Amino acid sequence: MTVGQPVERVDGRAKVTGDARYAADRTLPGMLYSYLVMGTIARGRVTSVDTAAARAVPGVVEVFTHENAPRLTSDQHFMPLQGTQIHYNGQIVAITVATTPEQAQEAAELVRVTYAPETPKAVIADALTEVYLPANQEVIVGDPTAGLAAAEVTVTQNYSSPPHHHNPIEPHATVAQWDGDHLTVHETSQGVVNAQRTFASAFAIPQTNVRVLAPYLGGGFGGKSPVWPHSLLNAAIARQLGRPAKMVLTRAQMYSIVSHRAEFRQQVTLGAKRDGTLTALVHLSTQQLSRTSENMYSHSISSRMLYACPNIHTRQQGVRLDVPTSRFMRSPQMASHFGLETALDELSYQLGIDPVELRRRNYTDVNPTTGERFSSRFLLDCYKLGADAFGWSRRNPKPGSTRDGHEFVGWGMATEAHDHNANPSSAMVRMAADGTVLSQTATQDIGTGTYTVFTQVVADALGVPLNQVKVELGDTNFPPAALSAGSGTIASVTGAVNAAALAVRTAVVQLAVSNPASPLHGLPAEQIITQHGYLFSPDRSRRESYRAVMARHGAPVQNTSSMTNARGYSTGAVFVEVRVDPRYGRVRVTRGVGAYDAGRVMNHKTAGSQVIGGFTWGIGNALMEHTVLDRRTARVVNPNLSTYLLAVNADVPDIQAIFVNKPDPVSTALGARGFGETPITGVPAAIGNAIFHATGRRIRDLPFTQDKLL
Amino acid sequence: MKNFTYAAPRNVADAVRLAGQPDARFIAGGTDLLNLMKDGAQSHGAIIDINGLALGDIVQRNGVIRIGALARMSDVAAHPAVRRSLPVVSEALLNSASPQIRNMAAVGGNVLQRTRCGYFRDSGTTCNKKAPGSGCPALEGENRGHAVLGGSDHCIAVHPSDLAVALLAVDAVVLTDRRRIPFADFHVVPGTTPDQETVLGHGELITGFEIPVTPLAARSRYLKLRDRATFEFAVVAVAAALNMRGNTVRDVRLTFGGVATKPWRSPEAEDALRGKPLTTTTITEAGRALVRGAVTRDHNAFKVDLVQRALDGLLRDLGGVR
Ligand SMILES: Cc1cc2nc3c(=O)[nH]c(=O)nc-3n(C[C@H](O)[C@H](O)[C@H](O)COP(=O)(O)OP(=O)(O)OC[C@H]3O[C@@H](n4cnc5c(N)ncnc54)[C@H](O)[C@@H]3O)c2cc1C
Ligand code: SF4
């Protein structure tokens, strides 16, 4: 049994040796390079584009502007270069195409664009009077007004968080090649099947004419889920010029055309009895929207699904600004979750109830919004396991009570929670005549360990060693499978992979027991044991290797299976220690423990890595990360990794990950639930709560930089 | 980025001659120059690679430590003579950038690195330092990282080097192919010409730095405050060197990073301490003297407070004041 074991990544070697080929590594004969020219105003019109100097650069094949760009539409996104209107700073205003990337870039720098600018609105504070309620963004359960009236204690507070950018280490890249009306695209995509659909509809060709490949990804975090307009434009350019075309975005370009996490404001009101029982939970949020899209999502799910409260009101407001459209970014629910989990901490101090105990008292097995029972929920175990490992019971609740040298020490905690997708998926498993196994499915490994986990699943289902199994992903020629987003890959696709492998096992066992040449001949198929690459009789006195059965059969055995899974909700509890030096307002996170209910854990190493990664990102989110917009120009001022700060190793302490590891009975993914996004959600609140415990200072505006703690 | 020529001279005379071409630039570690060229903040037709010149030595002789311009940040930080006699230099370097960058970057390039002002490094934005007369968007825009000392209506960008702050505290001298420049005279405030950052002439080559070994420099320390634990520029930095006789400050150097448009020495703060006992009162007075002329903008006023706190903390640690 390898499922559950901390199996090393099967793709690790290919990645560290450079064997793994990413989209930007694809170079095709006769290929052209496209380079984007980005606009420098946020609102207004392009009045002219002078391309003469750009066209004079040697090697330049074409320069596209709104006047001559291929005509394209998108049902999902605003498509640039189709007119003169500018909706956000950093919008694509021209594309240069040349025979080398350097020529294309030099030409791009020489394109001169003039504008008729208008004054933009960059941040929520600029448009407070324009906040509105988009359709279907309000949920009311019970009677929140009555619930508040019945409360003995209430807390109302405002929280805010800045925009963030995904910043996967691999930049977005796209390589398009046409063969008649057949298109092949190497695309940094979290969903090759979705991408195939988008390309097909943009070019009005059958989906089967499009092949999208993304065998490896250097992270995505949601930013690579949709196909963005630049990829469609690059493919259109390849078609128009009759040559393959490649476009690789620069880091700076990724700050305006591949989405971001919106700026948010939250107002959370909690009403409770003296014993801590919640009587009302009112969560009002305001999200930045763009001029061209009203894209929203259920970011306040935590307020609707986490705690037993009879009266809940969530209202997700929007405000349109002259900025790019925001979309999902790892753990879309975390901004709202930060408000909720901080407000609960504030309530715990008002009540004089320990923050863990307060959450325990409001624990529920039932979804408070729908009344449905969760298929399984071991959140109480998480509180206990996490608190015990952390030593929480030794905590003196009084803020500022622990000092070590110059530093105040604080302990804080928060619940972690995120729901996950489950999309119908299919997978193929084939055992070759030599006994080796290949599995193919058109989902992706975005860096989370999909290759490794599916290798384990197939090996276990068949009873063969890991090194006898090869998994291939990220190609629309494979059976269609889920988008790698919304924590959904393992939850969606594992069942199909397992079913296909089991079907192959059944077929091979049948081949053995039905053939007189096999030592297993005549045994009941359902009694055969498969292990270590062998088929055994129940008493293990007789055996035959898969290899021998397959050699005799002389042909591959193959199965393609499909499966659906249920959506789910993975929860946990995170505990942190911070040290705050009050002389400088300097905060260090010095300890972290997280305990999680993710259903069955498929691989303790890759799951543990999700915790380390989530915790690390949570530290950055809490202490430093933010996209800075110039308020007058709505232009990003820090579009690079030397000024857009993420936590580095020195910011990250040892992080202990604990799993309840109990299978979810309804999960077709061998009992696993989706988990990727859960272990970041509570970290910013836990850190803020720990800072309060250390110092008595409550900061409600992310990030908690030292200037806010002086 | 446009095409450029590349030359790798083997001696100083050739290097200086080649650098006389109108749009030539030296390259040492390239850790700043290449970023500037890729970001479109600078553009050069000729790149003169000086890594073949014999300017990498660190030697102590006749009471002076001489550091070659091509000595790598990591080598200088680890050098026993530097660690013993110029601790502030070693500490400033070890608090700079990352090990990878410190292994590549040379100390000559370090003191010439350019500001991290986001507007300066964005080819899509106007900036007086990039294009004199085009305007300074930081004045009314995002200026949390910007200077409160030494700024002008033309530019308030911070000089980002940690090493430069330390060298200023230990009375370093810049050696070039043609002259000796006291470190205090090397960098200039922006005034009306923010594109001018030093007194170095076009094509003038830094060959090294000379630093006297003194009791003052031997008791020196660097404190850097920043938005993450490492691999990040200073929000506020202080270099202090202290020579005490009993409880009295015999001599002191106080220099600052993160708060000023050039590596900043504060004679006023030093005067508040020199010849006086090191106490809470005198330390506070030194901090007040430092920021007396500070000019704050929308987002950087906290630096006035933070730099005084940093000075206070560092002087207490260094002077053993409780
Ligand atoms: C992500 C990141 C983080 C960083 N963090 C810090 C930090 O925390 N603190 C800090 O101090 N620095 C930091 N740096 C800056 C780094 O220290 C400088 O980039 C480096 O010191 C420059 O040295 P270099 O040899 O690479 O210079 P180059 O890039 O080669 O050159 C820089 C400039 O100096 C000129 N030059 C070089 N040598 C000479 C010479 N001998 N004579 C005349 N001109 C010369 C070049 O022409 C060029 O204009 C950071 C850099 C990066 C990229
Ligand atoms: S502060 Fe200086 S470098 Fe920054 S935008 Fe203004 S002029 Fe340019």
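A: Domain bounds, as used here, come from an automatic or database domain assignment. The model is a predicted one, in which local features need pLDDT of at least 70, side-chain atom pairs count only at pLDDT 80 or more, and totals for chains, interfaces and linings use all residues; side-chain values rest on heavy atoms, with hydrogens and water left out. Residues are numbered from 1 along each chain as its sequence is written, while chains are lettered from A and ligands numbered from 1 in the order in which they are written.

The surroundings come before the close look. For chain B the assignment gives domain 1 (5-49) and domain 2 (216-319), and the centres of these two domains, taken over C-alpha atoms, are separated by 36 Å. Chain B contains 13 helices and 12 strands, where helices (H or I, at least four residues) and strands (E, at least two) are DSSP runs numbered from the N terminus. Its 322 residues would give a compact globule a radius of gyration near 20 Å, and the 19 Å of chain B agrees with this; the radius is taken over C-alpha atoms, and the globule rule is 2.2 Å times the number of residues to the power 0.38. In chain B, 57% of the 322 residues are buried, a word that means under 20% relative accessible area, with exposed meaning over 50% and partly exposed in between (1.4 Å probe, protein chains only).

Along the principal axes, the C-alpha atoms of chain A fill a box of roughly 80 × 70 × 50 Å, and 62% of the 710 residues count as buried. A contact means heavy atoms within 4.5 Å, and among the contacts in chain A between residues at least 6 apart in sequence, 80% join residues at least 24 apart.

Chain A is divided into domain 1 (23-119 + 169-219 + 224-257), domain 2 (331-421 + 567-708) and domain 3 (424-563).

Gln287(A) lies in strand β14 (residues 278-290) and counts as buried, with a relative accessibility of 0%. Leaving aside residues up to four places away in sequence, Gln287(A) touches a set of residues that includes Ile124(A), Phe264(A), Tyr297(A) and Val319(A). Between Gln287(A) and Tyr132(A) there are 155 residues of sequence separation, yet their C-alpha atoms are 10.0 Å apart. Thr40(A), by contrast, sits in the loop between β1 (32-38) and β2 (44-50) and is partly exposed at 30% relative accessibility. With residues up to four places away again not counted, Thr40(A) touches Asn89(A), Tyr115(A) and Arg635(A), and also Gly124(B).

As background, most residues other than glycine have a negative phi, and most peptide bonds are trans. Phe221(A), in the loop between β11 (210-213) and α6 (229-241), has a positive phi near 60 degrees, and this residue is partly exposed, with a relative accessible area of 29%. His532(A), in the loop between β21 (529-531) and β22 (534-536), has a positive phi of about 55 degrees without being a glycine, and His532(A) is exposed at a relative accessible area of 59%. A cis peptide bond, with omega of about -10 degrees, joins Leu702(A) and Pro703(A), and Pro703(A) is found in the segment after α15 (683-695).
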